[in-house]
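Student: I would like to learn how to read a contact between two chains. Could we work through an example?

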Amino acid sequence: MTTFIHTADWQLGKPFARVEDFSKKARLQQERILVLQRIAEAVIEYQPEFVLVAGDVFDSSTPTKHTVAAACGAIGAMRVPVYAIPGNHDHGGPGCIWEQPFFVRERQALAPNLVVLTASDPFETDQIVLFPCPLLRRHESADPTVWLRLIRHDELSRFGSKPRVVLAHGSVQGFGSPVDDDESIEGGTNQIDLSRLPHGVFDYIALGDWHGTKRITDNAWYSGTPERDRFPKGDSNEPGHILIVRTERGLPVDVERIRTARLNWHELSFHFAEDRAVEELQQRLQEMFGLRTNEDLLRLDVSGSLGLIARDRFDELLESVDARLLRVKLSGEVKVAPTSGEIESFTMRTADPVTSRVARELLVLASGNGEEADVARIALRQLHAACHST
Amino acid sequence: MRLNSITVRNYRIHRDRTVQLDPSLTLIGGPNEAGKSTLVEAAHRALFLKAKGTGEAYKAMTSRIADGHPEVEVEFSAGGQTYRIFKKFSGNNGVARLSVNNVPKFQGEEAEAELASILGIEAVSGGRGAGDRAALQWAHLWVWQGQSGDNPAAHATAQQELLLSRLQYGSGAVVLQSDRDAQIAQRFSDLDSENFTARKVAKRGSNLAEAERILKEIEAARTQVAERCTSLEQAIKDFQAADSAHRDSTTALNSLKPQLAVARSELRKAEELSRQAESLHDACKRAKRELDEFVKDHTTINDLRESLFALQDKLSPLTLQKAELERAAIDAEHEYGKTDKAHDESVSETAKQRLTEELARAVVDRFNTEEEMTLCQRRRNDIKDIRDRIERLEHDKSQLPELSKAKIERFRETEQRRTAAEAALGAMATGVELVCTDQRVVLAGCDLNQGEVRVLSEPTEILIGTAVRLMLRPGGGENLANAREELRALENDLMTELGSLGLATVTDAERQFADLEKLTRDLKADRKSLNSLDPDSVETRFEKLNKQYGQLTGQITRLASLVESFIMPVGQDDAEDLWRKCQRELDAADTKVEITKGLKDLARTTWQTASTSFSNLQSRMRDKEEQAEKDRIRLQQLEATHGDHTARTTTIAIRKESLEREEQSHRDVLGKIASLDPGGLKDLETRLERSVAGNDLSVKSAEISREVARHKLTNDGSVDPYVELKLADSRLENARDRFRSADRAARAVSLLNALFQQEQKSLAEQFTQPFVRKIGDYLRRMFGHSIDVRLQFEKSEFAGLELVRKNSQTGAIEFDTLSAGAREQLAAAVRLAMAEILAEGHDGCLPVIFDDAFAYSDPERVQSLQGMLDLAASRGLQVIVLTCNPTDYAALGAKQILLIGSGGTESQRARNAPPET
């Protein structure tokens with residue numbers, strides 16, 4: 001029986017580019033290093049013989065020295081051998097991070113336990129035989145597991161009864177890393193076809209790339225990323241775990257899921273049907289985060305419309321939430337639609353006839369669609385503000 | 001409100017003066033310094049400056065000619081009451097009194113307050129600048145001297161509140177922007193001008209410009225970062241490409257190099273065989289050349305032998321022919337000698353004959369000349385006779401008087417007139433006949449007898465008896481005497497002229513003239529005959545013949561000495577016979593010369609032909625003989641070296657056999673070379689060498705490229721370009737969002753500003769229209785319908801006062817750019833229109849004072865101005881005009897007041913009355 005930890009998609013050095021606040025950005029980046037400490041704690045707790053990282057240790061193929069040093073330090077702290085393959089983010093090939101002199105130096109100094117498998121050849125240890133399928137470029141059009149289909153049976157016999165574990169990074173049949181804020185759309189590459197692998201030859205297939213924890217077959221799993229780095233998408237996404245895998249040659253594998261994530265990523269869709277809905281939203285958010293600060297991220301999808309005053313209240317609410325959370329990602333649009341009372345107070349200003357006439361003109365313009373109407377709606381809000389401050 | 005009278009005492013130059021004003025039109029005239037302006041200034045002070053007070057304004061009122069404090073009293077009507085305000089400007093003791101309908105009602109401050117209330121103003125207290133402050137009161141109605149050209153829009157703005165409320169009331173427009181409207185509008189206008197320049201470009205420092213600047217900076221930064229990533233991607237591609245190229249080239253080299261070695265070895269073999277073949281080929285060529293030369297010599301020997309035989313055959317008949325030709329040539333030479341001699345003889349004979357013939361011809365010619373000379377002499381004699389006759393005739397002619405046909409005609413005419421005169425005298429004469437008498441009749445002193453007839457041609461006295469005396473006057477008077485006188489004169493003339501020619505009568509003259517004419521005719525005939533004989537040419541001819549005769553005689557003498565036995569003929573006929581004979585003999589001699597010459601030419605040709613034929617044959621034979629000799633010598637030499645015929649044939653056979661052997665060897669070697677294909681081998685070697693060199697180069701180049709790419713890909717880990725790119729993208733997106741939002745906010749402000757301006761303008765236009773219409777009414781009195789005016793109410797003030805000339809290309813003309821004259825006229829129209837509108841709050845009347853307000857208007861324009869002032873009066877305004885030139889305003893129909901001195905010495909006259917002086 002061999003026990004090991006299966007993890008992937010650490011994506012160290014991820015920039016969180018859409019987070020503008022520097023300290024929040026640093027907090028998010030730091031959390032990705034801190035989760036490695038929690039994995040080190042799991043090593044102590046579950047006593048695995050080694051750790052497998054199925055690709056994307058780094059977020060890019062050119063991480064900075066600072067990121068490399070932090071990564072090597074955290075890996076060194078795990079105390080057991082760590083076997084990793086290059087993923088699409090930190091792919092091998094010319095100029096890759098794995099060949100850069102400063103990486104080589106840091107690895108030797110801080111993480112001598114780290115072995116990066118950049119060749120598609122069987123790698124045998126005392127306990128196990130690894131079949132790495134490294135990516136040597138960001139977009140590999142060929143299936144990186146093809147070589148596994150070609151291994152002759154007699155070649156395998158020399159590995160005796162050591163469990164045989166495949167390490168691969170890519171999409172299997174509709175599962176793969178979804179696009180997030182920091183990435184451009186990509187698709188059709190790094191596809192892995194598990195169904196074509198010879199049956200019964202491999203005991204476990206450790207997959208990376210899909211950020212949620214996902215079982216594909218009994219012995220093929222995506223471990224997912226140990227700390228979330230994007231908003232959830234779809235029901236089958238359960239990121240924030242590592243897997244404790246126990247395997248023996250020719251026997252069913254035992255997989256245990258351990259939660260490692262700390263940050264909370266939320267998603268909320270909200271429709272404004274009336275002005276009071278602003279207060280409802282406030283209530284919902286209160287329920288979600290309470291008095292917590294700097295530990296949550298929210299994607300808020302809004303729709304509907306609000307009166308001028310309510311719209312101001314919504315903006316104030318958003319401002320407050322944005323300050324408390326690590327990030328608020330707003331999508332959709334809340335249109336400005338003055339209430340009948342607001343319209344009346346605008347257009348029936350007998351004491352200020354010019355303002356009243358201007359407001360009437362603006363209301364006509366704002367009732368349409370398109371850029372002109374958008375500008376007119378902004379003008380309405382400005383006029384409203386001016387009326388209340390003069 | 002209407003001013004009725006002004007009284008001033010001790011006020012600057014005025015001692016005590018009262019002026020009664022017309023309710024409608026008053027014209028105050030007077031020279032400069034007469035105190036016109038001072039008078040209206042005093043009225044203004046009384047109305048608007050508090051009596052109690054000190055300062056410059058008060059000092060200025062002090063009289064220069066009298067003691068005592070300045071006093072002003074103004075009577076005016078307002079609200080159906082008649083007021084009289086009296087003010088004494090005596091510093092802090094100033095007095096103010098207000099009477100209503102002649103009843104004193106208010107004093108001091110009460111009076112001041114009441115007055116201010118009636119006038120609708122706040123009274124100005126004394127102190128610093130009190131004069132200037134006071135002057136501002138009713139400045140729209142009170143045109144101070146020198147201010148008539150000021151832009152009246154400022155006054156309209158100062159009176160805005162009153163004006164607008166009147167206009168609003170008048171136009172029926174109930175809407176007017178509120179203060180808050182104005183504030184909000186101003187706020188958006190300010191914001192818009194903070195955002196944009198006049199050209200609608202984002203202003204530096206504005207949110208929008210800042211957002212745009214940041215966006216551009218971030219875009220530029222993003223481009224840089226992206227370039228770094230692209231460069232890394234490219235380096236990876238370059239590395240992979242170089243690596244692949246290196247691999248391909250190395251593989252190719254491993255296969256190419258052994259192929260090249262084999263090709264080179266084969267090529268060396270082929271080169272050795274080629275050298276062998278070349279040597280064999282040279283040997284063959286040499287043997288062939290020697291064989292060919294031997295065969296050629298063998299043939300030459302045979303040919304020489306045959307040609308020698310042929311030459312000898314040809315030479316033997318030619319030798320015979322040569323001897324014959326030589327003999328013929330000698331014969332021909334003899335013949336030529338004979339003919340030549342005969343020809344010389346005949347030529348000599350001909351020369352003799354020719355001399356004889358020439359001599360005979362000269363003799364004949366001399367006879368002919370002699371004959372001609374005789375004929376010529378005869379004609380010379382005829383000429384001499386005619387010349388003698390002409391001389392005679394001319395002599396006869398000179399003896400006759402000089403008469404001409406005209407002279408004869410005159411004589412005849414005179415004669416006829418004389419005869420006519422004589423006949424007239426005869427006709428005039430009176431015949432007297434005494435038929436019977438018994439008394440003595442004495443006629444002209446002579447007694448007339450009975451039956452006697454006398455003819456009287458002159459007045460003649462007749463005595464009959466003793467008692468009767470008659471005077472007979474033939475012709476009735478003097479005619480008879482005249483006729484006689486004329487006859488006498490004619491006879492005298494005729495006699496004088498005839499006498500000068502030595503003639504007696506006219507008949508003599510006619511006869512003499514007939515003789516003269518005949519002589520003239522004869523002379524003419526003789527001269528014509530003489531001319532027809534041509535005496536000059538006859539003389540010339542005679543001289544020529546004479547000369548010719550001498551020459552012929554000389555020639556005959558010379559020829560006769562040369563010709564032997566010549567018998568000189570005696571007559572002309574003999575001579576001619578001899579000449580003909582000589583001619584015939586000469587012809588015969590000439591013919592003989594021709595014949596001998598023909599024979600001589602023929603003999604020479606024959607001789608030349610024979611001689612040429614001989615020498616030709618001789619030279620032809622000499623060539624052949626020389627050729628035969630040469631051939632013989634050559635044949636002997638060749639036979640000496642090549643042997644006889646048998647020996648030569650054997651040698652040829654041996655050499656042919658040897659040659660064939662050599663050629664076979666050469667063909668064998670060539671076959672071996674062909675089987676190796678050296679051309680193909682060379683091509684293969686070249687191709688392989690090229691290929692190897694190319695691949696070597698590719699390997700080196702790939703190594704360099706790989707190194708360069710590796711170097712580019714080596715990272716010191718200070719930055720992560722991909723992360724930087726993500727950050728840059730994100731920053732760019734944020735900047736775009738911010739720019740979009742700033743842009744929209746700025747456009748929203750612009751929209752608001754535009755809407756406010758539009759609404760304000762539309763409101764302003766509603767109530768400025770009646771004002772503009774009224775100004776237009778006044779202007780039309782001056783300029784007719786060709787002018788329009790524009791005035792706008794914008795941002796709480798009247799502005800944009802412009803004149804528009806209809807049908808003009810120049811467009812609107814701003815007030816400040818008008819001429820000084822047009823400015824004061826337009827300003828007056830605006831003031832009147834304003835006064836008219838404001839008058840509605842003052843019982844429909846307000847005074848408008850023009851103090852020397854049309855200084856720049858020419859007299860013609862001043863005339864049309866009066867129409868405008870009259871319109872104002874007719875609309876209820878009280879117009880008061882101050883001028884130095886009251887005559888310019890004669891047509892105004894105003895009440896005129898003429899100020900002359902400083903104290904009450906003014907004259908006044910009612911409206912429409914002649915001025916008093």
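Student: Which residue of chain A forms a salt bridge with Arg744(B)?

Tutor: Keep in mind that this is a predicted model. The partner is Glu371(A), and the closest N and O atoms of the pair lie 3.1 Å apart. Across the interface of chain A and chain B, the rule finds eight salt bridges.

Student: How many residue pairs are in polar contact between chain A and chain B?

Tutor: The count is 22 residue pairs, with both residues at pLDDT 80 or more.

Student: Which helices of chain A each supply at least two residues of the side that touches chain B?

Tutor: They are helix 3 (101–110), helix 9 (353–366) and helix 10 (371–389). Helix 10 of chain A gives the largest share of that side, eleven residues. By residue class, the side of chain A that touches chain B has 19 nonpolar, twelve polar and 13 charged residues.

Student: How is the size of an interface often given?

Tutor: The usual figure is the accessible area lost when the parts come together. Between chain A and chain B, the buried area is about 3,900 Å², and carbon and sulfur atoms give 58% of this. Chain A brings 44 residues to the contact and chain B brings 46 residues.

Student: Now a single residue. Is Thr64(A) buried or exposed?

Tutor: Thr64(A) counts as buried because its relative accessibility is 16%, and the cut-off is under 20%. Thr64(A) sits in the loop between strand 2 (50–53) and helix 2 (65–76) of chain A.

Student: What does Thr64(A) touch, leaving aside neighbours within four places in sequence?

Tutor: Thr64(A) is in contact with Phe102(A), and also with Gly717(B), Ser718(B), Val719(B) and Asp720(B). Separately, the side chains of Thr64(A) and Thr67(A) are joined by a polar contact of 3.0 Å.

How values were computed: Residues are numbered from 1 along each chain as its sequence is written. Chains are lettered from A and ligands numbered from 1 in the order in which they are written. This is a predicted model: local features need pLDDT of at least 70, side-chain atom pairs count only at pLDDT 80 or more; totals for chains, interfaces and linings use all residues. Side-chain values use heavy atoms; hydrogens and water are left out. Contact means heavy atoms within 4.5 Å. Buried area is the accessible area (1.4 Å probe) that two parts lose on being put together, summed over both. A salt bridge is a side-chain nitrogen of Lys or Arg within 4 Å of a carboxyl oxygen of Asp or Glu. A polar contact is a pair of N or O atoms within 3.5 Å; within protein, one must be able to donate a hydrogen and the other to accept it, and residues adjacent in sequence count only if both atoms are side-chain atoms. Helices (H or I, at least four residues) and strands (E, at least two) are DSSP runs, numbered from the N terminus. Ala, Val, Leu, Ile, Met, Phe, Trp, Tyr, Cys and Pro count as nonpolar, Asp, Glu, Lys and Arg as charged, and the others, Gly among them, as polar. Buried means under 20% relative accessible area, exposed over 50%, partly exposed in between (1.4 Å probe, protein chains only).
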